[in-house]
Amino acid sequence: MLLVETYIHKSSIHGLGLFTSQLILKGTKVWEFTPNLDKEYTHEQFLDLPKRAQEYIFHYGWIDPEINMYRLSFDNDRFMNWNENPNLAGTVNELFALRDIQKDEELTYPFIEDKSSTKKWQTYNGSILQFQ
């Protein structure tokens, strides 16, 4: 769940991005995984979903490699882009500001923290394959 005020806008990085509506000070927790709001799916639960829902989760969600669960946020953090010079960092459960982030600045995370991207590409190739 996003813990700061944000909005979606055209990104210079990719498509749409997530931008802050406020000044965010260095060290501020910006996002955290929130059970009962954000969703988690086992591989079996994921496979029981309609194909369109699976595709949505693959596009906007991630795979938590530590617990082998598919995760999907309920809010707009799905529009956050990765960047080689991110302003956020953390874990699959929380993100913090690496520096002061100015109002109207795009929120970004480091590619290395999208640990699920390799697993997603290994698992999904136009159709859902066995979770690895």
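I'll go through the aromatic rings, then the charges over rings, then the salt bridges. Keep in mind that this is a predicted model.

So, rings. The count comes to seven aromatic pairs. Take Phe 46 and Tyr 70: they're stacked, with 3.9 Å centre to centre and 0° between the planes. That pair links distant parts of the chain, with Phe 46 in helix H1 and Tyr 70 in strand S6, 24 residues apart. Buried or exposed, Phe 46 and Tyr 70? Both are buried.

Next, charges over rings. Arg 71 lies over the face of Phe 33, 3.6 Å from the ring centre. Over at Tyr 60, it's Arg 78 on the face, at 5.4 Å from the centre of the ring.

Now salt bridges: how many does a search of the whole structure find? Seven. One of them joins Lys 29 and Glu 94, at 3.2 Å, N to O. Here the partners are 65 residues apart, Lys 29 in strand S3 and Glu 94 in strand S9. Lys 29 is partly exposed at 28% relative accessible area, and Glu 94 is partly exposed too, at 26%. Glu 32 comes in as well: Lys 29, Glu 32 and Glu 94 are linked in a network of salt bridges.

Then there's Glu 55 with Lys 51, at 3.6 Å, N to O. Those two sit four residues apart in helix H2, so about one helical turn separates them.

That's my tour, happy to chat.

Definitions and conventions. Residues numbered from 1 in each chain as written. Predicted model: local features only at pLDDT ≥ 70, side-chain atom pairs only at ≥ 80, totals over all residues. Heavy atoms only, no water. Phe/Tyr/Trp six-rings, centres within 6.5 Å; stacked < 30°, edge-to-face > 60°. Buried < 20%, exposed > 50% of the residue type's maximum accessible area, 1.4 Å probe, protein only. Lys NZ or Arg CZ within 6 Å of the ring centre and 35° of its normal. Salt bridge = Lys/Arg side-chain N within 4 Å of Asp/Glu carboxyl O.
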